[in-house]
Amino acid sequence: MHKPLLLIFALFACNSFAQEPDTSRAGNDKVADIMRTFGGRGVMADDSEPTPASEAVKQFDVREGFKLEVAASEPLVAQPLFVSWDSRGRMWVVQYRQYQYPAGLKVIRFDQHLRAVFDKVPDPPPLGTPGLDKITVHEDTDGDGRYDKHKEVISNLNIATSVQVGNGGIWVLNPPYLLRYPDADRDDVPDGDPEVHLSGFGLQDTHSVANSLLWGPDGWLYGCNGSTTVGDVSSTVTKGVRFQGQCVWRYHPKSRVFEIYAEGGGNTFSLDIDSKGRVFTGTNGGNTRGWYFPQGSYSAKNWGKHGPLTNPHAFGFFPPMKFEGDGRRFPQAFCIYEGGAYPEGFDGSIIAPNALHNLVWHSQRLPDGSTYRTVDQPNLLTTADRWFRPVHAGVGPEGAVYVADWYDTRLSHVSPVDDWHKESGRVYRVIPNGGLTAYGEGDLHERDTIDLIACLNHPNKWVRQRATLELGWRGDATAVQTLIPLIEKGSLEALWAINLLNELSDERAEKWLQSPHADIRRWVTRLLGDQHRSHESLVNVAQNEPNVQVRSQLAATAKRVDAKVALPIIRALLANDADTTDPHMPLMIWWAIESHSDAWTEIEAMLRDQRVWNLPIFRDHIASRLMQRYAAGGSPSELQHCAELLAIAPVKADRDRLMTGLNRAFQGQSLPTLPKSLEAALITYQSSLGDSGLVLGIRQGQADATDKAVAALRNSSTELGIQIEIAKTLGEVKYPAAVPTLLRLATGQYTSEPALQRVAMRSLTQYDDASIPKTLVSAFGSRISGEHGLRATACRTLASRPAWANVLLAELNAWRLRRDQIPADVIQQLRTYEDAEIVARVEQAFGKAIDSAPEKIAEMKRLRKVLTANPGDHDKGKAHFTKRCGNCHQLFGEGKKVGPPLDGYERGNLTFWLNSIVDPSLEIREGFQSYLVLTNDGRVLNGMIAAQDPKTVTLRNADNQLSVISRDNIETLKAIRTSLMPIDVLKDMKPNELRDLFAYLSLGATK
């Protein structure tokens, strides 16, 4: 072969080989195929070359009056993710070199967002497979402002995202763990292996794992969790705190308590606490600079992709901060400048790096009621170098802004190929043109107590808060008498130090709650709540408090103290009419009330005062939610509270607001057994809605009225009850032109009301339109979330037609939808299809049903062995009953009556239970026979016959929902041999969970 041609061929072959994706992380063939074939989304790697740091720094356009310096770069740092400083002013850098896959793990499954399921949980370092992440420390030894000494402190970490030094150790966030490396002599050589303080952070998506560890001035360690990982976090004291997606959390190193501080937001991968102790994060969204998080609050997120809130009764959430300026995505890194070294206009403003557009924003932060809004100022940094990927920003001890630059042509995580540029990375420093004086406070840990107290007045927030922490860690009670006068002058740092020294007595708290300084009142309120101290002086503050942020904290603290103190606080806050239109206050007050919903005696006493019903906040924001909360709870006592609320309500307008809340709770969901007075009120209310002109016009076939009704569905100002009744009627009376509107309602585009979404989904079953299943499944990753029964209702709709069922099954078998997101009754309905293609897809998704007698006998033997091995805990078993049985059966008066109540059966007879659960179709009780209906328009419905007459048949499905089918539209109606009860109701239960469930089922029964 000709030599030039041979060379070209060799280069081509080499190039092709280099581009072959590495599948060594794949745990099976399907994952390997995804790694080979998945097309990356977003900004991927290209063939451009990196620019050396010394040249790249010259390419920046820097804000007038400032200049940019390289503080550190490759080869000293690579893929820097996080920067912090210790009490000596030294810079600590986390180098995230192991990203994107944890060492030693195999991927056994991806979803459509490339969230991974791994084959095991990694052991904490130094156990398990060593990773490539490392933590380095950088020091300015000669005071010239440049880091000239560098040391590798901890190596072989495996997905380490942040580090903080203090309180006798080096704290490393290395999901799934929070580790503390002991270093008593502070020589940067750990004294031994790390202690695991927290475990259970998720690893499904390593660009949104737990991150941004930060010391709070109250002595807690704060951190964030990203949007696409889940947590089941435990410490030695706190067990099993579960959450899905983004939140701000905190951990107390001394008490070892872990808790969620606030929930929701964007992909929270940055965190800052300002000089007043307020918590903020950046976001991966657009049209904002980030989020402000009051304690205990709930904020918006992408519900379908990121999962529900931990509280299903939040009934509302906060948006991000409003903004004016550049609305492009995304200010994922975030810090607040309070370094004291920049011009005055920078103090309290936001520095927000944007890795997508290679710039650093600067935004003014302004009050917006109890929250904030932002206004953009000229950019701090911009560059044409598309490798500039700022992922972290912080303010250093000398007052400069530092920016960690990942430095990579690739930005998007949405590719299974690990082709990141592992060798590059920089940390930049932004300083005024005139330069900065080097950090001059020395080692704060070694300073004497009087010097540390003097540092509480330093112009740099970092110095003030670090000195506060050192005072607290030192535990020198002699500082108290010097600190008290500072608090009386308004020093938050002095108050924080008093708290860290455990010197916030009841007498001092009562005095300082009357401080002329709002931030002192706010933080005393906060600290009392943190310590769950039900201080009655909080009620007096609430009755007269002029500052809206103090009132916001009073609402947050009311969640954390005893109801006997909390409800008077709430009553006082309700009386402040000015807060009716505040962006946050109505929901903060609602969440305080909801947290005490089990304190009915106190709530009822408050509501007996008829003046409460006339207060604007209660009238416009609380009344309907309170009714919805008790209705959604669904227990007999809670439903009785609903009836009592109606009886207490002074006038019809109040009762109508309550009925709106009741309607929200029940529409499109199974209806429990109601107290007679409540059932009568609901029937009357729904009847009045059905008698409205628009609904009657639809039923009478009036085209003009139907068009107006559909327009009313699109109009958010239409009363919710009327919208629900219109949507429900369009599921009984066909009007194909309504399909686009029903679809937009079902997918949350025209409404944020889950009740209206559910009703629209159910009504769509009436229409044989190919756009319906595709539109519904496409919204599973956004507005059709797992909470409020939305995704379950969508699955039931999709299971109602063969073609739609195939769409649902395709999502499952392509791993875009998890099996555990499919309700058991939907699985049962899918198994009723006889089409060979559907049968094969069902078995692929869920496995073959236990069908043969030998299989059932073997399963009964297995269960008997498990259940007789050890006793169970009936208290824990109640939760399993509620989840797995209570949707259809009642026991001890709780649950729903789709199937027969269980109280009268042989509950102490294990053989009875095993026969009934493993083989529910063996004996079907009279009145609970299942029927299958095939309609002329292709729907497949099954359920029990709830009613029938010469014109219609009414089926009640496993979700207790009624479907009225005209006999003219029934092709086939036949009894089916199988019970509505799922045959795998116990599937995936662990042995101890099975024993707990059966202990509850047999509680009080004769053996």
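Reader: Which residue lies over the face of Phe 780, and at what distance from the ring centre?

Author: The residue is Arg 791, placed 5.5 Å from the ring centre of Phe 780. The model is predicted. A second case of this kind is Arg 801, which lies over the face of Trp 804 at 5.2 Å from the ring centre.

Reader: How many salt bridges does the structure hold?

Author: The structure holds 58. One of them joins the side chains of Arg 250 and Asp 218, with 3.3 Å from N to O.

Reader: Are Arg 250 and Asp 218 buried or exposed?

Author: A residue counts as buried under 20% relative accessible area. Arg 250 has 0% relative accessibility, so Arg 250 is buried. Asp 218 is buried as well, because its relative accessible area is 3%.

Reader: Which side chain meets Glu 324 in a salt bridge, and at what distance?

Author: The side chain of Arg 373 meets Glu 324, at 3.5 Å from N to O. This pair links distant parts of the chain: Glu 324 is in strand β22 (residues 322–324) and Arg 373 in strand β26 (residues 371–383), 49 residues apart.

Reader: What is the accessibility of Glu 324 and of Arg 373?

Author: Partly exposed is the class between the cut-offs for buried, under 20%, and exposed, over 50%. Glu 324 has a relative accessible area of 45%, so Glu 324 is partly exposed. Arg 373, at 29% relative accessibility, also counts as partly exposed.

Reader: Which side chain meets Glu 441 in a salt bridge?

Author: The partner is the side chain of Arg 447, with 3.2 Å from N to O. Arg 447 counts as partly exposed, at 21% relative accessibility.

Reader: How is a pair of aromatic rings described?

Author: Such a pair is described by the distance of the centres and the angle of the planes. The count here comes to 37 aromatic pairs. In one of them, Phe 60 and Tyr 428 are edge-to-face, at 5.3 Å centre to centre and with 65° between the planes. Phe 60 lies in strand β1 (residues 60–62) and Tyr 428 in strand β29 (residues 426–432), and the pair links these distant parts of the chain, 368 residues apart. Phe 60 counts as buried at 8% relative accessibility, and Tyr 428 is buried with a relative accessible area of 0%.

Reader: Why is the pair of Phe 66 and Tyr 342 edge-to-face?

Author: The ring centres of Phe 66 and Tyr 342 are 4.8 Å apart and the planes stand at 65°, so the pair is edge-to-face. Phe 66 lies in strand β2 (residues 66–73) and Tyr 342 in the loop between β23 (335–337) and β24 (349–354), so the pair ties together parts that are 276 residues apart in sequence. Phe 66 is buried, with a relative accessible area of 7%, and Tyr 342 is buried, with 8%.

Reader: Which residues form one aromatic cluster with Phe 66?

Author: The cluster consists of Phe 66, Tyr 337, Tyr 342 and Phe 346.

Note on methods. Residues are numbered from 1 along each chain as its sequence is written. This is a predicted model: local features need pLDDT of at least 70, side-chain atom pairs count only at pLDDT 80 or more; totals for chains, interfaces and linings use all residues. Side-chain values use heavy atoms; hydrogens and water are left out. A salt bridge is a side-chain nitrogen of Lys or Arg within 4 Å of a carboxyl oxygen of Asp or Glu. Buried means under 20% relative accessible area, exposed over 50%, partly exposed in between (1.4 Å probe, protein chains only). Helices (H or I, at least four residues) and strands (E, at least two) are DSSP runs, numbered from the N terminus. Rings of Phe, Tyr and Trp (its six-membered ring) pair if their centres lie within 6.5 Å; planes under 30 degrees apart count as stacked, over 60 as edge-to-face and the rest as tilted. A charge sits over a ring if NZ of Lys or CZ of Arg is within 6 Å of the ring centre and within 35 degrees of the ring normal.
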